[in-house]
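Open the model in your viewer and keep the selection tool at hand. The stops below are meant to be taken in order.

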Number of protein chains: 2
Amino acid sequence: MESTPVKRKRGRPPKSQNAGYQDTRQTLIRVGLAALTEKGYSYTGLDEILRQASVPKGSFYHYFENKEAFGKVLIEAYGRFFAEKLERSLSDTSLQPLARIQAFVDDAKAGMQKFDYRRGCLIGNLGQEMAALPESFRNLLRETFQDWEARIARVLGEAQQAGEVSGQAAPGSMAQFFWIGWEGAVLRAKLEKSSQPLDQFAEGFMALVRSS
Amino acid sequence: MESTPVKRKRGRPPKSQNAGYQDTRQTLIRVGLAALTEKGYSYTGLDEILRQASVPKGSFYHYFENKEAFGKVLIEAYGRFFAEKLERSLSDTSLQPLARIQAFVDDAKAGMQKFDYRRGCLIGNLGQEMAALPESFRNLLRETFQDWEARIARVLGEAQQAGEVSGQAAPGSMAQFFWIGWEGAVLRAKLEKSSQPLDQFAEGFMALVRSS
DNA sequence: CCTTTATTTAGACCAATCGTCTAATTAATT
DNA sequence: AATTAATTAGACGATTGGTCTAAATAAAGG
């Protein structure tokens, strides 16, 4: 499935031609993200990633210091990937602010359905696993949530100005509430193999921020 | 820490006296629960549980068919344990219905703090890990949530009758929303090493159910 | 009693898998 | 031609989950 039938050659790669051989690294990141969003860090073995990417072990340790360093790269890559995905919905000014958040929800629903509810959120997965993870991951994960939180808070602020959201609660608090609950909803969607938990949470969240 | 300095004797145990030697099994369950609430199923090795419990491998396979069967027993044990814990708060008729839910929240907060936010919810942990788990766990986990959900729904119904909660939303839906978000809050509390996420979610939930 | 049976523990063992590391190979550079 | 940089091959030791045989002890049956 994650086939990369490129027959790798040993030794230093040719220079100009082929636009660089950097895609081995890219492949490892892509396959690693798929594996970790599905099964988490602890249970995912390097061998499995390597097999799927058709990359020998020696290559892995050329591109990454060890599994921990690889994990950090994946967290950052996922954080960026997801922030972009989020922004595509949140910056759609053809929609009212709250509708932009709903657009993200719908986008995420489609994403989970596409993989039959096997893949969740990498950051949520690793947060859950934190006790079994290198302590160095903790701040990376926290910072990723902060980033996403700021983006939702920004839109909630706009919603307040547009009168869609009551002026009582602070956008920052509401945004934090959103991500706390959202990760729970993703978890539950994986368990139930259904997008119903995502809808259920989104509906409640919308009712909450609209009300006084 | 999980010391069980009982010097185990080989061979068939004495009959009446000592009230049975069933506590080897109990010890395995107790230590197993501690390990799995902390690090999940995949990352927890049998050897580690056995070491902490000072139980040799032969004993384990006497009491349980294999790790999967052991896991199922742990899910059931945790479900019961937690339902009792929950009921202690939810059936406290000296409190108004919503205050009983708040009492559970406070109880859970204390519980997480006690273990320095290392231990979370076994059911949530395993739900998150589901992609790496025996498929036979799925229904057990679902059923556990259903049980907890019914208990919260019951109290929310009482809150509605007492006029604490608006009559608009169905207690069942609100209860489902509660557990979806609660598991997210526990996850986040572990990551942040703080009970703030638990409070943040509980506050939002209370505001939601009170409002129309 | 003495033998047989039931229950429990001891821990060696195996195949599979973990993360790491050294050596070999190839191309670029000098 | 020699040296250096980049990449791959796969051996390696430790650990895992799971199985299995043997030993120890008490109960049960005559």
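**Before selecting anything**

This is a predicted model, in which local features need pLDDT of at least 70, side-chain atom pairs count only at pLDDT 80 or more, and totals for chains, interfaces and linings use all residues. Residues are numbered from 1 along each chain as its sequence is written, while chains are lettered from A and ligands numbered from 1 in the order in which they are written.

**Stop 1: chain A as a whole**

Select chain A and colour it by secondary structure. Chain A has nine helices and zero strands, so the order of elements from the N terminus reads α-α-α-α-α-α-α-α-α (helices, H or I of at least four residues, and strands, E of at least two, are DSSP runs numbered from the N terminus). Of its 212 residues, 42% count as buried. Here a residue is buried if 20 or more other C-beta atoms lie within 10 Å of its own, exposed if 12 or fewer, and partly exposed in between, with C-beta atoms placed from the backbone. Among contacts in chain A between residues at least 6 apart in sequence, 66% join residues at least 24 apart; two residues are in contact if their C-beta atoms, placed from the backbone, lie within 7 Å.

**Stop 2: chain A against chain B**

Show both chains. Chain A can be laid on chain B with an RMSD of 0.1 Å by a turn of 180° and a shift of 0.0 Å along the axis. The two copies are thus related as by a two-fold rotation axis. The superposition is by least squares on the C-alpha atoms of residues with pLDDT of at least 70 in both copies.

Now select the contact: 39 residues come from chain A and 39 residues from chain B. On the side of chain A that touches chain B, α1 (23-43), α6 (122-129), α7 (137-161), α8 (171-192) and α9 (196-210) of chain A each supply at least two residues. The most comes from α8(A), with 14 residues. By class, this side of chain A has 15 nonpolar, 14 polar and ten charged residues. Ala, Val, Leu, Ile, Met, Phe, Trp, Tyr, Cys and Pro count as nonpolar, Asp, Glu, Lys and Arg as charged, and the others, Gly among them, as polar. The copies meet through the same surface, because 100% of the interface residues of chain A are also interface residues in chain B.

**Stop 3: α9 of both chains**

Select residues 196-210 of chain B, which form α9(B), together with α9(A); their axes come within 9 Å and cross at roughly 75°. Axes are lines fitted to C-alpha atoms, for helices over the stretch in contact, and angles run from 0 to 180 degrees between N-to-C directions. α9(A) and α9(B) are therefore roughly perpendicular to each other. Angles under 35 degrees count as roughly parallel, over 145 as roughly antiparallel, 65 to 115 as roughly perpendicular and the rest as oblique. Gly204(A), Ala207(A) and Leu208(A) meet Gly204(B), Ala207(B) and Leu208(B) here.

**Stop 4: α7 and α8 of chain A**

Select α7(A) and α8(A), whose axes come within 8 Å and cross at roughly 125°. That makes α7(A) oblique to α8(A). Residues on the α7(A) side include Phe145(A), Trp148(A) and Ile152(A), and those on the α8(A) side include Met174(A), Phe178(A) and Trp179(A). By class, the contact has ten nonpolar, four polar and one charged residues.

**Stop 5: Thr44 of chain B**

Which loop holds Thr44(B)? Thr44(B) lies between α1 and α2 of chain B. With 21 other C-beta atoms within 10 Å, Thr44(B) is buried. Leaving out residues up to four places away in sequence, Thr44(B) touches Ala35(B), Leu36(B), Lys39(B) and Ile49(B).

**Stop 6**

Return to chain A and select Asp116(A) and Tyr117(A). Most residues other than glycine have a negative phi, and most peptide bonds are trans. Asp116(A) has a positive phi of about 55° although it is not a glycine, and phi of Tyr117(A) is near 60°. Asp116(A) is found in the loop between α5 (97-114) and α6 of chain A, and Tyr117(A) lies in the loop between α5 and α6 of chain A as well. Exposed or buried: which is Asp116(A)? Asp116(A) is exposed, with 9 other C-beta atoms within 10 Å, whereas Tyr117(A), with 20 C-beta neighbours inside 10 Å, counts as buried.
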